Amino acid sequence: MTLRKVNISILIVAVVIFLLVIHHNFLSLSDFLRRELSDPSPLGLQPIDFIPAAPQRLTDERNDKEISVVIAASDERLGGAIAAMNSIYQHTKSNVVFHIVTLNDTVDHLRMWLRSPPLKNMRYRILDFDPRVLEGKVQVDPQKADTFKPLTFARFYLPNLVPHAEKVIYVDDDVIVQDDIVELYNTPLKPGHAAAFSDDCDSTSSKVAVRGAGNQYNYIGFLDYKKETIRKLAMKANTCSFNPGVFVANLTEWKLQNITKQLEKWMTLNVVEELYSKTLAGSITTPPLLIVFYKLHSSIDPMWNVRHLGSSAGKRYSPQFVKAAKLLHWNGHFKPWGRTASYAEVWEKWYVPDPAGNFWSQAEHFF
C-alpha cells in the first residue's frame, strides 16, 4: 500500500508539472503571436507626450469606451487641427483620445496651444513623425520641395501610431465635426475590410452640388492607365474613388493584411514607374490607398464627410444642409483659416486663438 501511494503521489506531481509546462508554453505562444501581429515601429513614430488624466467629474460624465482619433498637425496648419479637435471634443460624451502626429519643431507650439482653457481637459498623445521614414518611397520635385507635406502619409502608419487600439478614426485637419463622433466610430465594417471610406460617386457632396472639381470621382483621375503596371491590376478606370481625409480603420484587419507594407510597395513603385496621374487630381497620397483598397472597403455615412467646401470661394450648399452635416470638410485650396473659403464662420466657432499670436498671419501666407 505504501509503495502504491508513493507511485500515485509521483504521478500526481508529474501531471502537475506537465500541466504547468503546457500553460507556460501556451502563454509564450500567445505572446509570440501578439508580437507577430504588430508591425515593428518604423523610424520616427515615437510618443513624446503623455495623456493627461481627466478630472473625475469628466470621467463620470463621459462614457468609458476609449475612442482613438488620429490627426496630423503641421505648424502652418496647426490652427486647423486645433479647431477640428475642439469641435470633436465639444460634441461628444465619449472617452475620446487624440493621437496628434506632428514634426519635432512643432511640438512646443502645439503643447502651448493645448493648454488653452477650452482644451485643457482634452486627452491626447503627441507623436513625432520623422520624414526619413518616407525615403525611397516618395519622389519630391526639387522645384516644389516646399509643397511636400510628409504628415499626409501619417495615415499609412496607423497601427504604429495607435498600437493597442482595435479600431481608430482618422481625420484631416481641415474638418469640423457637428455631431457625436461615436456614431462615426460605430460604422460597421464588413468581414475582411480594414477600412471604411466615403465613396465619391455616392457621396452627398457630389450629388448636391459639386461642379468644376475635375475628374476626381473615379480611378482614372488618380492613376495613369497608360502604364502597364496599372493596366495589369484590372481595375476599371471608371470605378468610383473614395476620399481618404476621413475614415474608420479596423487595425486588427489592417495588421493581418499588412496594409502598411502594401501601401509602401505602391509608393516605391511610383518612384520608379510614375504610376500616378499628373493631369487631374494631382494627389500622391490617395493613389496607393485606391489601389490597396480597391473593392475592399466599407462605406461611411456620406453626411460624415460632406466635402469640397474648399474647392472654390463660392458656396455650394444651402445653410440648412451645412447645419445638418455631421462633418464638414474643406478639402481643396480654399481653407477656412485663409478667410477665403465658404462657410468660414462655421469653422471660426471652433477655432481657439493661437497663444503665440501668429497663426492667422501664417494662414494668410500659405493659403
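Which residues of the largest nonpolar core touch the most other members?

## The largest nonpolar core

In this predicted model, the residues that touch the most other members of the largest nonpolar core are V69, F98, I100, L114 and I169. This core holds 54 residues, and helix 3 (residues 78–90) supplies the largest share of them, eight residues. A second, separate core has 45 residues, among them F156, A195, I230 and A249. As a general background, nonpolar side chains in soluble globular proteins tend to be buried together.

The surroundings of I100 may be described individually. Leaving aside neighbours within four places in sequence, I100 is in contact with I71, A73, M85, L110, L114, Y124, R125, I126 and L127.

## The protein as a whole

The protein has 14 helices and ten strands. Of its 367 residues, 51% count as buried. The accessible surface comes to about 18100 Å², and carbon and sulfur atoms account for 56% of this area.

Contacts may also be sorted by separation in sequence. Among those between residues at least 6 apart, 78% join residues at least 24 apart.

## Strand 3, helix 4 and strand 4

A right-handed β-α-β unit is made by strand 3, helix 4 and strand 4. Strand 3 (residues 95–102) pairs with strand 4 in the parallel sense, over six bridges. H99 has R125 of strand 4 as its bridge partner.

Helix 4 (residues 107–114) has V107, H109, L110, W113 and L114 as its buried residues. Seen down the helix axis, these buried residues fall within an arc of 165°, and therefore they line one face of helix 4.

Why is strand 4 described as largely enclosed by the rest of the structure? Six of the six residues of this strand (residues 123–128) are buried, so the strand is largely enclosed.

In a regular strand, the side chains alternate between the two faces of the sheet. Both faces of strand 4 are covered: R123, R125 and L127 are buried on one side, and Y124, I126 and D128 are buried on the other.

## L158 in helix 5

L158 belongs to helix 5 (residues 158–161). This residue is buried, with a relative accessible area of 0%. Not counting residues up to four places away in sequence, L158 touches V70, V168, F247, A249, L251 and W254. One of these, A249, is included in the second core.

L158 and Y170 are twelve residues apart in sequence, and their C-alpha atoms are 8.6 Å apart in space.

How values were computed: Residues numbered from 1 in each chain as written. Predicted model: local features only at pLDDT ≥ 70, side-chain atom pairs only at ≥ 80, totals over all residues. Heavy atoms only, no water. Helix = DSSP H or I, 4+ residues; strand = E, 2+ residues; numbered from the N terminus. Buried < 20%, exposed > 50% of the residue type's maximum accessible area, 1.4 Å probe, protein only. Contact = heavy atoms within 4.5 Å. Areas by Shrake-Rupley, 256 points an atom, 1.4 Å probe, with all protein chains shown as cover. Pairing = 2+ DSSP bridges. Right-handed = clockwise from strand over helix to strand, strands pointing away. Arc of directions from axis to C-beta. Core = buried A, V, L, I, M, F, W, Y, C linked by side-chain atoms within 4.5 Å.
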